[in-house]
Amino acid sequence: MSGNIQLLSDTLAAAKAEDRSALIAYLPAGFPTVDGGIAAIKAVLEGGADVVEVGLPHSDPVLDGPVIQTADDIALRGGVKIADVLRTVREAHAATGKPILVMTYWNPIDRYGVERFTAELAEAGGAGCILPDLPVQESALWREHADKHGLATVFVVAPSSKDERLAQITAVGSGFVYAASLMGVTGTRASVGAQAHDLVQRTRATGAGLPVCVGLGVSNAEQAAEVAGFADGVIVGSAFVKRMLDAPDDAAGVEAVRELAGELAKGVRRQT
């Protein structure tokens, strides 16, 4: 069975045709529970997100800040497994018809088996993976299996990335490029900053034509509108997780992330 890379590409193209950025949301699987996480992801998509990244909780994250680390810890203590991540992808896609990616560090995939993981992600209706710690020069095995199963390979670039490296990444990546707006870990910020704009321009200058979506630091409609003014997609993670953590109960958390998705969806439609 083929994955949904084409659905991802079509979704990003449709947003561009509407003269707006796509809204890409992130929530980890298994948080606060597997069923609760699925409900939250469905709510975010119903609230206005175009795409969702399902986080595969990891005990030693390198990109995630304290908010997402807290959620990952809750999920891991709850016993979340890769099978639960795949179930989350399957149910979220089946319920909404929207593209669902997995964001994961490399080690869990390596241990699970690349062929097994890509085949099962495609079977679940997944659109691909974001792999923040997989070096592009070591990605051939992953890309071979991802291509075979119709899955996107989304690499992460940072303001420190040299132009030569950006060209290497855009030459072999697919789906879109995840542009980290600043150096550091995930989390909400008071300002997204000019570094993100420069990184988007440099990534586009490679000429590969991949959409460039910006994450790290966006937490409200105003920031979403700012980033939407220069990026193809606006990625929001910690703000959704924080709404869940701050909610008095799981049901309230689901409604809180639905509401935030709606606010951010309006933000990407009123670019500044």
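Asp19 is exposed, with a relative accessible area of 63%, where exposed means over 50% relative accessible area, buried under 20% and partly exposed in between, for a 1.4 Å probe and protein chains only. Asp19 is found in the loop between helix 1 (5–17) and strand 1, and has a positive phi of about 60 degrees although it is not a glycine. Residues are numbered from 1 along each chain as its sequence is written. The model is predicted, so that local features need pLDDT of at least 70 and side-chain atom pairs count only at pLDDT 80 or more, while totals for chains, interfaces and linings use all residues, and side-chain values use heavy atoms, with hydrogens and water left out.

Ser9 lies in helix 1 and is partly exposed, with a relative accessible area of 29%. The C-alpha atoms of Ser9 and Pro99 are separated by 9.2 Å, although the two residues stand 90 residues apart along the chain.

Two packed helices are described by the angle between their axes and the distance between the axes. Helix 2 (residues 34–47) and helix 4 (residues 82–96) pack at an angle of about 35 degrees, with their axes 9 Å apart; the axes are lines fitted to C-alpha atoms over the stretch in contact, and angles run from 0 to 180 degrees between N-to-C directions. To the contact (heavy atoms within 4.5 Å) helix 2 contributes Val34, Asp35, Ile38, Ile41, Lys42 and Leu45, and helix 4 contributes Asp84, Arg87, Thr88, Glu91, Ala92, Ala95 and Thr96.

The protein as a whole has twelve helices and nine strands, which are DSSP runs numbered from the N terminus, with at least four residues (H or I) for a helix and at least two (E) for a strand. Its radius of gyration is 17 Å, which agrees with the value near 19 Å that a compact globule of 272 residues would have; the radius is taken over C-alpha atoms, and the globule rule is 2.2 Å times the number of residues to the power 0.38. Along its principal axes the C-alpha trace spans about 45 × 40 × 30 Å. Of the 272 residues, 58% are buried, and among contacts with a separation of 6 or more, 74% are between residues 24 or more positions apart.
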